[in-house]
Amino acid sequence: MKTALILAGHGSHISPHTAGLVWRHVDRLRAMGVADEVTAAFWKEMPSFARVLTTITAEDVTVVPLFTAQGYFTQTVIPSEMRLRGAMTAQDGRVIRTTPSLHEHPYLATVIRARVEATLDVFGLPPDQTAVAVIGHSTRRNPDSRKATEAQVQRLRDAGIVAQVEAVYLDDSPEIPEIYTLTTAPNLIAVPYFLAAGSHTTIDVPNELALVTGAKQGTVQGRRVFYTCLLYTSDAADE
């Protein structure tokens, strides 16, 4: 029986980097020979969630959602577009399995902590005078979308490596600019809880933080602000 692996991502009409990250993973997995067929599917690019199954011939298919939260896209959009019914679906002579979304992998917490610790070290920031903002996307359309970001915040709080840790969101409440009232420490490390360097992370989030376009650090409302790399990028000090 032939097998297929589909990496499901968001994609973007604005930035090629969003889908580019997913296709790089596809290339690596193809080289590793993990399945007979490996491809990607997107919400805003081709192949679409609705059409991707027509591009493969395998009877045994696994779909991996490359999203940092279990929410609107993983619970509503992907199942609807791909006609999936739970973790396993029998469809047109195929078995289609859906894995948990990427946010459930414990390594993400390690990456976020590494981003914070590297920024503390590189810029010599006193931990007791530093706050962290974990910035998620979330959506008011699904209350579960914020839970992954909140879980990462709690892990950082439990670690006790900085004075304050708060969650803010691009499309939910509290919104990103509210971080300046939610925290009081003179130094602020902003960690984008996103996978790809698309328009959200290169334009929208920095603008909401009131950073100069393209800047990785700056002074906002009298506080030093440091904007870290994304989860996928290997260097925490310089994307």
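Here is a run of questions and answers about this predicted model and the terms used to describe it.

Local features are taken only where pLDDT is at least 70 and side-chain atom pairs only at pLDDT 80 or more, while totals for chains, interfaces and linings use all residues. Residues are numbered from 1 along each chain as its sequence is written, and side-chain values use heavy atoms, with hydrogens and water left out.

Q: How do you know how confident the predictor is in this chain?
A: Look at pLDDT, the predictor's confidence in each residue, from 0 to 100. The chain averages 91, and 96% of the residues score at least 70.

Q: Where does pLDDT stay under 50?
A: That's residues 233–239, for which the model has 17 contacts beyond four places in sequence. A contact means heavy atoms within 4.5 Å. Where pLDDT is low, the predicted coordinates should not be read in detail.

Q: What makes β6 and β7 a pair of strands?
A: Strands here are DSSP runs of E with at least two residues, helices are runs of H or I with at least four, and both are numbered from the N terminus. Two strands pair if DSSP finds at least two bridges between them. Strand β6 (residues 130–136) and strand β7 (residues 164–169) have 6 bridges, in the parallel sense, so they pass that test. As for one of the bridges, Ala133 has Glu166 in β7 as its partner.

Q: Why is the unit of β6, α4 and β7 called right-handed?
A: Point the strands away from you: the crossover is right-handed if the path from the first strand over the helix to the second runs clockwise. β6, helix α4 (residues 147–159) and β7 make a β-α-β unit of that hand.

Q: What makes Thr39 buried?
A: Buried means under 20% relative accessible area, exposed means over 50%, and partly exposed is in between (1.4 Å probe, protein chains only). Thr39 is at 10%, so it counts as buried. Thr39 sits in strand β2 (residues 37–42). Leaving aside neighbours within four places in sequence, its contacts include Leu5, Leu7, Trp23 and Ile56.

Q: How do you know whether Asp92 is buried or exposed?
A: Asp92 has 66% relative accessibility, so it counts as exposed. Asp92 lies in the loop between β4 and β5 (94–98), and its phi is near 50°, a positive value in a residue other than glycine.

Q: Why can the buried residues of α2 be said to line one face?
A: Helix α2 (residues 72–82) has Phe73, Thr74, Val77, Ile78 and Met82 as its buried residues. Seen down the axis of α2, they fall within an arc of 115°, so they line one face of the helix. That arc is taken from the directions from the helix axis to the C-beta atoms. What covers these residues includes β1 (3–9), β3 (60–65) and β4 (88–91).

Q: What follows α2?
A: That's Arg83, whose phi is positive, near 60°. Arg83 is in the loop between α2 and β4 and has a relative accessible area of 47%, so it is partly exposed.

Q: What makes the contact between Glu150 and Arg146 a salt bridge?
A: The term asks for a side-chain nitrogen of Lys or Arg within 4 Å of a carboxyl oxygen of Asp or Glu. For Glu150 and Arg146 the N to O distance is 2.8 Å, so the pair qualifies. The structure holds 9 salt bridges.

Q: Why can the salt bridge of Asp172 and Arg146 be said to tie parts together?
A: The closest N and O atoms of Asp172 and Arg146 are 3.1 Å apart. Asp172 lies in the loop between β7 and α5 (179–182) and Arg146 in the loop between β6 and α4, so the pair ties together parts that are 26 residues apart in sequence. Both residues are buried.

Q: How do you know that Arg157 and Glu166 are partly exposed?
A: Arg157 has 39% relative accessibility, so it counts as partly exposed. Glu166, with a relative accessible area of 22%, is partly exposed too. Their side chains meet in a salt bridge (3.2 Å, N to O).

Q: Which peptide bonds are cis?
A: One joins Met46 and Pro47, with omega about -5°; Pro47 is in the loop between β2 and β3. Another joins Ser173 and Pro174, with omega about 0°, and Pro174 is in the loop between β7 and α5.
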